[in-house]
Structures are given as structure tokens and as C-alpha cells.
Amino acid sequence: MESLLEQQRRYHEERERLMDALVQERMITKAAHKDTINSEHRQRGMLGRFDVCTNALREIYEDKDGERKKEVQALSGPNEFQEFYSRLKQIKEFHRRHPGEISVPMSVEFDELKKIRENPSEDTAMIQFSDEEGYGKYLDLHECYDKFINLKGVERVDYIQYIQTFDKLADIPKDKKNADYKGYLRILSDYLYSFLQRTKPLLNLDSELSEALDDLDGRFDRGECPGWAKEQQGAMAHSGAHLDLSAFSTPEELASLGLDRLKSGLMALGLKCGGTLQERAERLFMTKGKDVSELPAHIFAKTKPGSKAGRPDNARQKEIAGMEAQIYRMSELFGDVRADTIENVERKQARTEGERDESEGEISEEEQDDADDDDIPYNPKNLPLGWDGKPIPYWLYKLHGLNISYNCEICGNQTYKGPKAFQRHFAEWRHAHGMRCLGIPNTAHFANVTQIEDAMALWEKLKVQKQEEAWKPEMEEEFEDSKGNVVNKKTYDDLKRQGLL
């Protein structure tokens with residue numbers, strides 16, 4: 001049996017080794033999303049173990065039973081050699097009784113942890129995720145979605161729209177937030193809590209949720225909770241036919257609505273609806289600007305056995321508001337997971353049934369081989385990658401002529417794959433910049449010209465052609481003599497000098 005001082009030494013050693021392992025775990029570069037999650041779970045385990053060692057050391061140093069003090073006195077007292085040989089005898093007796101006992105040093109365990117850290121490909125899945133979640137990359141809200149669309153009074157939306165708006169709980173009318181809605185919130189909250197615990201193990205989620213519930217009662221009473229505004233907390237908020245009492249300043253004005261309207265308002269509030277018109281108006285006017293809990297008990301109607309109570313259960317509403325506040329807080333912690341989930345769902349919906357089956361088979365094979373999306377795909381022919389990050393089929397590669405290369409000397413010997421890219425590059429900036437450097441305008445005359453020598457020769461030819469086509473006054477300007485003969489300028493000048501006009 002270990003002595004207290006030996007236990008103390010072992011706990012200190014374990015804490016130092018855990019501290020070093022944590023530092024190495026944080027410094028190592030994670031190549032894939034799976035490696036990051038597994039690393040954080042290992043860190044969480046080491047932090048928990050560190051806390052256990054720290055608590056054990058605190059108990060030893062506090063020495064409430066005085067055993068540590070006795071042991072120190074025995075080792076430092078006048079009979080220290082006797083204590084030494086006594087303990088040596090106990091060790092020999094232990095090994096005599098257990099001759100095959102092997103003491104495994106603590107360094108062996110941390111060496112194994114180092115191997116797992118440095119070879120993440122050999123590491124197995126440390127946490128359970130569904131196929132839809134992709135080891136923490138995406139959300140799997142199908143169960144919550146099925147529960148949501150079965151709620152009464154809520155707008156029917158598709159799955160993608162639900163992912164975008166599942167945390168907009170304030171848009172749901174308050175009168176629809178019943179027991180079924182509370183059950184839906186519980187399912188949604190449990191899943192979000194579980195997902196965050198699995199994907200962010202280092203996050204103190206309980207502390208985040210407790211902060212969301214801080215001063216919930218005060219915020220609820222003040223109407224600061226989303227979807228539970230103060231004007232909705234008045235007594236008339238429970239009325240089936242809402243009656244705005246702010247427009248009435250006296251019971252007499254309220255009496256102008258008539259007996260039937262006042263009766264329906266009183267019945268909806270669970271108040272007594274009998275009496276004269278004036279009595280009903282005064283009774284209903286008492287609810288103006290007050291909460292139902294503030295009203296006197298004698299104005300409420302007597303409840304029949306099996307019927308609902310006259311006063312609404314504010315505790316139930318506060319509980320629902322607290323669950324909504326926690327869901328708001330958890331939805332803020334997702335980051336880009338929601339956008340990635342929407343993209344993943346849209347990509348899956350765009351596939352055919354055969355492609356989906358094939359994709360599911362590929363995913364299962366990758367999970368068995370511990371492969372990841374970040375791995376370099378097998379591409380010996382250097383084919384372009386498609387929308388799924390994999391090489392396109394070879395027949396499609398040849399169909400688009402991507403196996404044909406075109407070089408353009410004007411673009412700095414740039415190579416273009418396929419005729420479509422080659423034709424498009426003549427209107428792009430690189431080719432236009434090369435033409436400007438040569439002093440040649442990038443016009444349609446130079447289409448499909450890629451050699452500098454050809455472009456210069458064509459430009460010289462075009463300049464000569466433009467000069468020949470240019471207007472020459474001495475040859476093309478026409479003059480008319482006194483007899484009506486039309487001659488060009490040169491002939492006219494010659495005849496004029498000779499006096500023949």
C-alpha cells in the first residue's frame with residue numbers, strides 16, 4: 001500500500017505530465033475536422049483528470065485526519081532508520097506474496113497517448129455521431145422538424161427553411177405555446193445540448209446556459225424576453241377577441257360596446273360575466289394595465305370540477321421562456337455549422353436517388369477507412385475536380401475537349417485547357433494586357449492569333465491597308481471646269497497652269 005507521501009509525489013507527477021500533454025495537444029496541427037474533435041475530447045479528459053489529482057492533493061495537504069503529519073514525523077524523527085527498514089520489510093513481503101506483480105510506470109501511458117496524438121489516422125472515433133451529422137460537421141434536426149410540423153397553429157415550412165428559422169421562437173404566437181410546444185422545446189434543447197457537448201467539449205456549456213437564465217424572472221415580468229412582451233402579458237392578452245382597453249378612459253365609454261361584447265371579454269378572462277351593463281363594464285375596466293395575478297379573487301368565475309383554473313399559470317410561461325432563452329444561447333454557439341448544414345442538405349436534394357445511394361456507400365467506406373473529405377483524391381490523369389471535390393469522368397473530360405491544350409505566346413506562354421477556355425481568354429485581362437504591351441489594339445482582327453510574330457505582321461498589314469484606304473485629296477478631290485467637265489485635283493491644277501481652262 002502506498003504511503004501518503006508517495007501518493008502525493010505520484011499526484012504531482014501526474015499533474016506535470018498532464019500539463020505537458022495538454023500543451024503538446026494544443027500545439028499540434030490538426031489536419032482534419034475529425035482530428036480536431038478527437039483532440040478536444042482528449043483535452044477534456046485530461047482536464048478532468050487534472051482536476052481529480054488537484055482535489056486529491058488538496059485533501060492530502062489539508063490533512064484533516066493528521067495522517068500526513070504522523071508520516072512526516074515518523075520519517076524525520078529519532079527512529080528514521082527503523083522506519084526505513086520497516087517499510088523495506090513491507091515491500092519485500094508484498095513481492096514475496098505477489099511474485100508476478102509488474103509495476104507499469106506512468107510514462108508508458110503518456111507514451112501511448114503521444115503515439116495517438118502524432119498518428120491521428122490510427123485514432124478511432126471517440127464520440128458517436130449519426131450519418132447525417134458527418135462527425136460534427138452538420139446538424140441532424142429531422143426529429144425536431146417532425147415534432148415542429150405536427151404542432152397546431154404553426155406555419156408549415158420545409159426542412160431547409162426550418163434549419164434557418166428553428167431559433168426564431170418569438171415569431172410563434174404566445175397562445176400556441178402549450179404543452180405540445182413545451183415538449184417540442186425539450187426535444188430541441190436536448191439535441192442542441194448534446195450536439196454542442198460532442199462538438200465543443202472544451203466549452204463550459206452549463207455556465208453559458210446559466211448566464212442565459214440570469215434574472216429570468218425580472219426580465220419576464222418586465223416583458224424583456226423575446227416573444228413575451230409586456231403588452232402581451234396584460235389580462236386582455238388571454239382574450240380570444242382582443243380588446244384594446246387603452247382607448248377607453250372610463251367604464252362608461254367601455255359600456256358603449258354592449259352586453260355581448262363585454263360578456264365575451266369577461267368569459268375569455270375567466271371573470272364573472274353576469275350583472276348589469278355598468279357592472280360588467282366596471283369589472284372589465286379593472287383589468288386595464290394589470291396582470292391577471294394582480295386582480296382580486298372575487299371577480300373570477302367559480303371553476304367547475306374538471307375545468308381549467310381561472311388564473312393562468314405564469315410559472316409554466318416562465319419555464320417556457322427559460323427554455324427559449326437557452327435555445328437562443330445555444331444557437332449562437334454553432335458558428336458556421338448551420339450554413340454548412342443548409343449547403344449539405346441542398347447538395348443532397350439536388351442528387352438523384354442513385355447518386356444518393358452511391359454517395360451513402362462512399363461515405364460508409366470512408367468511415368470504415370477513417371478517411372476524410374480533406375484527403376487528396378486519387379487522380380492519376382490530373383482531371384479537373386467536379387462540384388463534389390472528385391475528378392470528373394474521363395468521357396466528360398474528352399467531350400469538352402479538355403484533353404487539348406492551347407498555348408498563347410502573347411499571354412506569356414499561358415496554357416489553356418479546352419477550346420471554350422481558349423476562346424474565352426481573348427476577352428480576358430491577360431491577353432488584353434499582352435496586346436497593349438505590343439502596342440496593338442485588341443480588336444476582332446486578332447482573334448485566334450497567339451504568336452507575337454503573327455500579331456506584329458498582321459498589324460503591319462492592317463496599317464498598310466488602312467493607308468491605302470485612306471482618302472487622298474490630290475487623287476479623289478474632284479473639280480469642275482467652265483464647260484462642266486469633272487476632273488481630279490491634280491489634272492485641274494495641271495490644266496490651270498497651262499491656261500487651258
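**From a surface patch to the core**

Mentor: Happy to! Met 19, Val 23 and Met 27 make a nonpolar surface patch of about 310 Å². Patches are made of residues with over 30% relative accessible area and no salt bridge, with like charges joined within 9 Å and nonpolar side chains (Val, Leu, Ile, Met, Phe, Trp, Tyr) within 5 Å. A salt bridge is a side-chain nitrogen of Lys or Arg within 4 Å of a carboxyl oxygen of Asp or Glu, and accessible areas come from the Shrake-Rupley method with a 1.4 Å probe, where for residues only the protein chains shown count as cover.

Keep in mind that this is a predicted model, where local features need pLDDT of at least 70, side-chain atom pairs count only at pLDDT 80 or more, and totals for chains, interfaces and linings use all residues. Residues are numbered from 1 along each chain as its sequence is written, and side-chain values use heavy atoms, leaving out hydrogens and water.

Met 19 sits in helix α1 (residues 4–27); helices (H or I, at least four residues) and strands (E, at least two) are DSSP runs, numbered from the N terminus. With a relative accessible area of 44%, Met 19 is partly exposed (buried is under 20%, exposed over 50%, partly exposed in between).

Now let's go inside. In the largest nonpolar core, which has 40 residues, Leu 141, Tyr 162, Tyr 184, Leu 188 and Leu 192 touch the most other members. Such a core is a set of buried Ala, Val, Leu, Ile, Met, Phe, Trp, Tyr and Cys residues joined through side-chain atoms within 4.5 Å. Helix α8 gives the most to this core, with eight residues.

Leaving aside neighbours within four places in sequence, Tyr 162 is in contact (heavy atoms within 4.5 Å) with residues including Leu 141, Cys 144, Phe 148 and Tyr 184.

Aromatic rings come next: the structure holds 15 aromatic pairs. Rings of Phe, Tyr and Trp (its six-membered ring) pair if their centres lie within 6.5 Å; planes under 30 degrees apart count as stacked, over 60 as edge-to-face and the rest as tilted. Tyr 162 and Phe 166 have ring centres 6.3 Å apart and planes at 45°, so this pair is tilted. Phe 166 is buried too, with a relative accessible area of 1%. Ring pairs also link Tyr 145, Phe 148, Tyr 159, Tyr 162, Phe 166, Tyr 181 and Tyr 184 into a cluster.

How values were computed:
Buried means under 20% relative accessible area, exposed over 50%, partly exposed in between (1.4 Å probe, protein chains only).
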